[in-house]
Every structure is written in structure tokens, then in C-alpha cells.
Amino acid sequence: MLDFPRWKVWLVIATTVIGVIAAVPSMLPEATRDKLPGWLSKTHINLGLDLSGGSHLLLEADTADVRKQQIERMEETIRTEMRRASPKIEISDISTAGGALSFMPRNPAQLDQAVDIARQQTNGIGIGGQRDWNVAVRDSTRVVMTPTDAGIKYEIDSALETARNVVAKRIDPEGTKEITVVRQGADRILVQVPGLQDPEGLKRILGKTAKLEFKLVDLNADPNEVAAGRAPAGSQILPMQQGGKIAVKRRVMVSGDELNDARQDFGQNGDAVVSIKFNNSGGRKFGRVTAENVGKPFAIILDNVVISAPNINEPILGGSAQISGSFTVESANELAISLRSGKLPVALKVIEESSVSAELGQDSIQKGVLAGVLATLALVFYMMITYFRFGVYTTIALLVNALLVLGLMGIFNATLTLPGIAGFVLTIGAAVDANVLINERIREEVRRGRHTIQAVEFGFKEASTAIFDANITNVISAIILFWFGSGPIKGFAVVLALGIATSVFTGVTFTRLLVAQYLQRNRPKTLIL
Amino acid sequence: MHPLKFVPDNTNIRFLSYRWWALALSILLLTSSVALVAINGLNWGIDFVGGQSIRVTFQKPVNMGDLRGRLEGLDVGDVVIQQMTDPKVVSIRIPLEGEATNPIGKCLGQGIGKEGQADGANKIASTVRAELVKSYPGVNIGAVNSVSGKVGCELFSTGSLALTLAMLGISLFIWFRFEWQFGVGALVTLFHDVVLTFGFFALTRLSFDLNVIAAILTIIGYSLNDTIVIYDRIRENLRKYRKMEIEPLLNLSVNETLSRTVTTSMSLILTLSILLLVGPDSIFGFTASMLLGIVIGTFSSFYISAPVLIWLNVTSDSFVQAETPKGAAERISESFPGQK
């Protein structure tokens, strides 16, 4: 046990040195870190939001809405394709109830042709040859299209991926901040913004899908029918921002997808407005529609609410326009940001929010570090008066252990949270226990009349089974915590797992090396501990 | 100068003779814990029941009644206001209105929380924040935490699952490394420790949140540590002294490891006390429960883990036949001339 071949000595030393060096970048302020020589890895420990201060939002996508949209889009496609077919297929009795799209060709003879066209609108998903829609015929008259599970999953997945990109763009248009926007599970997006103390603005920006549409107002609609919520064919009833309802044509003339830019600006009366610039095709469409409809009102619709319906006084050919509503400078600016980043394919709602101010985080770090230093000093003192020379070895092992945990966390770019600090203190406890077990066992063996070298050898050997068993149980806890835990608990589990590994290394291998060196050099007759 | 020793050499306390008293004490503690949880209830953190907690630092100490009046005027539900040791710092807790304050019935009984209230918590956070900023200029909102009922349920069920799985996993491991009696002993010990920890939280009304799950798992880990050290020694002694009765053998094992138990517990108590006194107050509950866990864990490894082995009829045959080749025990005792 105590014979260390030369290579093993160097292996232990090398491991220790590398681990300790890896801890260095994490302990330096950022400015100093950048000046480090290039050969030194600069990966370092990240501070969790509870320590650095910042906001954390967990957003959940409305998946029911995604499914609804999927069916609505297919309805549009089917209407267009049936119209385009030659000969044209007249369809009627279109239903989108019950999570499926169904319709009837007016002429039953065209049923097969309609099914063929419907089939052409479906796509294969993945390599399994599965389609995204099932097309079936019911009662030999009706075509029923149902999205498959795989199709729904694909739709939700791509909606969330787009939403993630839009969210990232809205929060950080330049892409320079250290924000985190990641998918979590099937329908969630996690947003973390370090340094942001008040997430209210963020919540407002992310709370809008920002779907902008321009549609013509249906002037022929009967006001009484509109008030009752019944729309004429080809039109729909939408609420107005100022209150009341209005009928607009279903057809979208121009949409927010064709914007190049959006800025907060001031209108003629000095009120806050949003100036938008269309791209080429958007500008052309907008010019044509305004030219054809001079004197008629045009509805500007945001997220299915009509924010204003001004009259078209003259054709607008420059490709830019202004949206005025009852905006404040702030809300106009937020809308501009949302429009620039594109619309969210699905509505998101905040289901979890936490924010910590930088001062509170700083306070936690200071107190945590102070507690850590004091606890270490107290332990060192206690170990030294209990085990003398062996207590010194224990102390060295403890310090190396602490540095190794930091080093490993640095290498893995792990995040240190408040519970992580607690985990750190606990692994120091585990490291102490390993050393205590060994030292007590050596005492015991000395008491039984063993010679120094034999006593030390037995002490390490007998104690290591208990150390091994005890640490495996901690590993089991750590793994389960990591698997099921969320956020801060995960941070705790990571530190615990790393700490267990390093404490076995320092407690058993590293200390044994120190003791072996001492025994070889000094050949003591008796052990004082 | 001599090294410090709290436990003199060759200490021989007959711990196991008191096992019936200890059992009575354990049963008393277990029943009172269950009663406390049933009557007092746990102070569920908003992690589990949904709602928000806000930590605010005012410019100067504020009138609590005044603050309470303002917040209740917002009509956001029950407001729990608590002043910290620093009178300028106030913690505000608002559980979700209309939701049960006990996640067990809510999450397990009626399925996941209602969809309609999923973002109710979040709106309230915005309302309260706006009111505080308006009424108390210069206020510093230190931390806001808001969780919807649905997420609360998820956190609760994954937390309970993690706890159960960890206990089972650890017991299985001990069964595998030792014998089935030891596995049962460990499971009973863990159960004992967890129930007492719940009782502690019901008694002190400390907030029972997500971090506490981590604390309980750590308590389990440490209690297990003690148990395993003693079990390891029992296993060793069972092989060494094949003729010894089980009770003196357990006493011997506990005494032989006593010095280690005391030293380790002392160093942990030292470390945790410092963390409790100067550490960040957001982990106060965590540290407090850990401290208690060390005491419970040491007690239970002496008086639950060890006596269970008597009650389950462990003898030296449980090991020697199964794992050591014939004659090994004799060889071991020969190499210890000082002992029999």
C-alpha cells in the first residue's frame, strides 16, 4: 500500500497540479483573466443567477394554439389548391372541429381527385416514411384530414425552435449580451438574463406574439350583424383597441413578415408612433392595395386586435408607413422591437419567474465565501490539535480537494449556485470524514501493537472499504438529484458529485502519498497522533 | 502535549443495552413528528404550491401594518409579510389564491393544477412590484420568485420521486454490498431520519422548499455514512470473532468506531454552525436541517441501524459462509495475536 512507484508519484502530482491550475481562472476577476497567457485554459466557473443577480423566466408555449394554427393553415392551403385544380373543385361544409379538418366536394364524382390533392399537401417526416397528416374518406362523401402524432410533434418542435430564435432576437438584438435562451422539454423555453433586475419590460416584450396584418375593412357589413358577432362571407369580426367590433376582409393584404425595419418615432401631433419599412415585395403589395382603395379604410391588426383603421388618403408607394394607436414612447418602442424580431409562431406565457438583484447576489457571495474561509480555518485548527502531523496532511489534502473541485468545475464550465456552495461545504465534510476514518484506524492499529509502517498500511487498507461504500451512496444521491432536480438543485448535485470524486482522490491517494514520503524519509519509531 | 481525544482509548460503553429505551424514544419522536405534520402542517414554499415570494429592502424601516394594508388592497390573496433581522428587509409571500396550500392533495389528488391559473402568479408579481415601486420610492426589490401552480406540482412530484428513488437505490446498494438484513436496516434508518426531519420542519415552520429536498438527501447521505462505517466494522468483526454473541459484537463495533464518529460529527457541526451564523440567510433552513440531520443520523446509526441486525437475527454465519473461503476467519484472528 505504501510503495509508490515513481510513475505513480508523478501521476498523482501531475493530476493535482493540473487540477489546481484549472482552478486559477475562476478565482481571478474577468479583466485579469483576459490577460492570462494563451496556453492556460480560460474556461471558468459561471455564477448562477442567484449569485450574480439577474432574471430567470420559464416560458411555456400554448401547444393547443400550435395545433389550431396547423389546421387553419391546412384549411387555407386546401381552399387554394381546390380552387386551382383543373377542373376546379367546389368544396363545402368545411369543418375544423375536433382537431381535424374535413370538407365535402360539392360534386361527389370529384371525391377521388380531392383526396389526391389533399394527399399531395402532406409531407413525410423523418426516415420512418410517416406522413404529417392522415387523409381518409368518411361516409364516402367527406374528406377528413387529421394531423398524425408525429406531425403534431414536428409542428410544435419547429414552432418552438422559431420561437426560441425570436425570443433571443427580441431580448438581445445585437447578440452581444451573455443571455441564455434554451429549449426545455417539449414546450418550454428558459430565458436567463444576468444583470437584469426588473424583468417587467422583458415580460411585456415576450408576452406579445406581434403578428401584424393589414386588411381591408368590410364596408358592406351590416352594423347590427357586426355587433352580434356575425360576419358576412369572406369577412371576420375583430375587436378594436378602443373598444367595439369591426368587420374586416379575411384576406391579408400585407403582413408583418414582409417588414424590413420598425422604429419608434413621433407622428405629426408629436404622439408616439411606430414607423415601419416594408421589403421590396411588401412595399409593392402595399402600394398596389393602397392605390386601388383610395378613400377606403384600412385595418392595422396586431395580434388579432385592430389598433387603428385609418382612411387611405392617397396611394402609399414609398414602402414605408406609420402605425399610430394610443402608444406611449415605451410601448411604441417595445412594439418596434417585437416587429423587428418577427412574430412569435406561438403565444408564450411566463410560468416561472425569479429575479435576484446584483446587490443581494453580491451579499450572498461575500457571506458564502466568508463562511467558507472561517469554516476551513476552524477545521484546520481542529484537525491539527487532534492529529498533529497527520492533521497537517489532512489539511493539505482538504485544501487541494477544495482547489480540485473548483478546477474541475472550471474545466466543465459549471455553474455555481447558492445550494452549490452548500454542496461544496458538504464535500469538504466528506473529505474530512475520509481522513478521520484513516487516522482513527491508524491510531487503533498502533494501539493493537503494530509497528508504524504496518499500522499506517493497515489503517489505509481497512478504512478504504468504508470510505468507498459511504461515497458510493453519496454518488447515488447526487445522480438522482441531477436527474430529477431542476435549476439550483442540479447545481448542488454537480458540486456534490465532483466533490466526492476529488475527496476520495485527496483523502485516500494524495494523503497516502504524503504519509508514505514521510515514513520513507524519517523512518519514525513511533507515530504521534 | 498530546493529541486531542474526546473518546479515551478502549472505551467500552454498552450502547446496545439501552436499545429498548432508545426504541421507545424513537417511537415517541416518530409519532410526534407525524402528529406535528398532521396538525401543524408544513410551511410549504412557493416552489411547491405556486405563488410568489419577494424580498424587498426599503430605504428606512417601514410600518408593517401600512405595508400589509397596501398589499392587501391590491386584492392578490393572502399576503404573508415577515421582517428579517435587518428591519429594512422584508420578505413577502403570496401563495396562489384559491389553490390548496398543501401540494399533496392538490397534485396527487386532482391532477395537475388548472390551466387557467397557470400564469396568475406571474401577473401578481408584476402588480406587487409596481405597487412597491410607486408607494415606497427608492425601494430595492432584491429577489422575486414566482411559480405557477402547474410548475409547483411538477417540482413537488419530481422532488418526492427523487427522494423515494434515492432511498431505495441506497438500500439496494447496501443489500448488494452487505446482506439483506443490512439493507433493511439502512432503509428503516433512512425512513426514521426523513420522518424526523419532516417533524422538525413542521415544528419550526421553516419554509419547506426545493432546497430542503437537497437537504434531506444530504442528511440521508450523512446518516448513511455513519451507518456504513458501523456496518463495515460489524462485517469485519463478524468475520473476525465468529464465536461472539451478536450484542457484545455490536457494542464492540460501535465503540471501536466511536472516536471516528465523534471527530467527524464535531467537524461537521463546527463547519455547519459557522455556515449557519455567517453564511447567506437564503440557505438558513438548509443549514439548520443539516445540523439537526447530523444529530439524528448519529443517533439512528447507533440505535436503529445496529439493533435492527439483532432483530433480524444476523449471526457470523451471515457473512463467513457467503463471502470468505473456509478458514479465513481463523487466519485473520491468528494475525491479531493481541486479541481473541
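Start by selecting A:Leu481. Beyond its neighbours within four places in sequence, A:Leu481 is in contact (C-beta atoms, placed from the backbone, within 7 Å) with A:Ile489, A:Phe492 and A:Ala493, and also with B:Ala162, B:Ala214 and B:Leu217. A quick note on what you're looking at: this is a predicted model, where local features need pLDDT of at least 70, side-chain atom pairs count only at pLDDT 80 or more, and totals for chains, interfaces and linings use all residues. Residues are numbered from 1 along each chain as its sequence is written, with chains lettered from A and ligands numbered from 1 in the order in which they are written.

Together with A:Leu481, they touch the most other members of the 185-residue largest nonpolar core. Such a core is a set of buried Ala, Val, Leu, Ile, Met, Phe, Trp, Tyr and Cys residues joined through C-beta atoms within 7 Å; buried means that 20 or more other C-beta atoms, placed from the backbone, lie within 10 Å of a residue's own.

Then try A:Leu360, B:Leu67, B:Val128 and B:Leu132, which are among the 18 residues of a second, separate core.

Finally, colour chain A by domain, with bounds from an automatic or database assignment: domain 1 is 6-51 + 357-522, domain 2 is 54-200 + 345-353 and domain 3 is 211-340. The centres of domain 1 of chain A and domain 3 of chain A, taken over C-alpha atoms, are 64 Å apart.

Methods
Buried ≥ 20, exposed ≤ 12 C-beta atoms within 10 Å, placed from the backbone. Contact = placed C-beta atoms within 7 Å.
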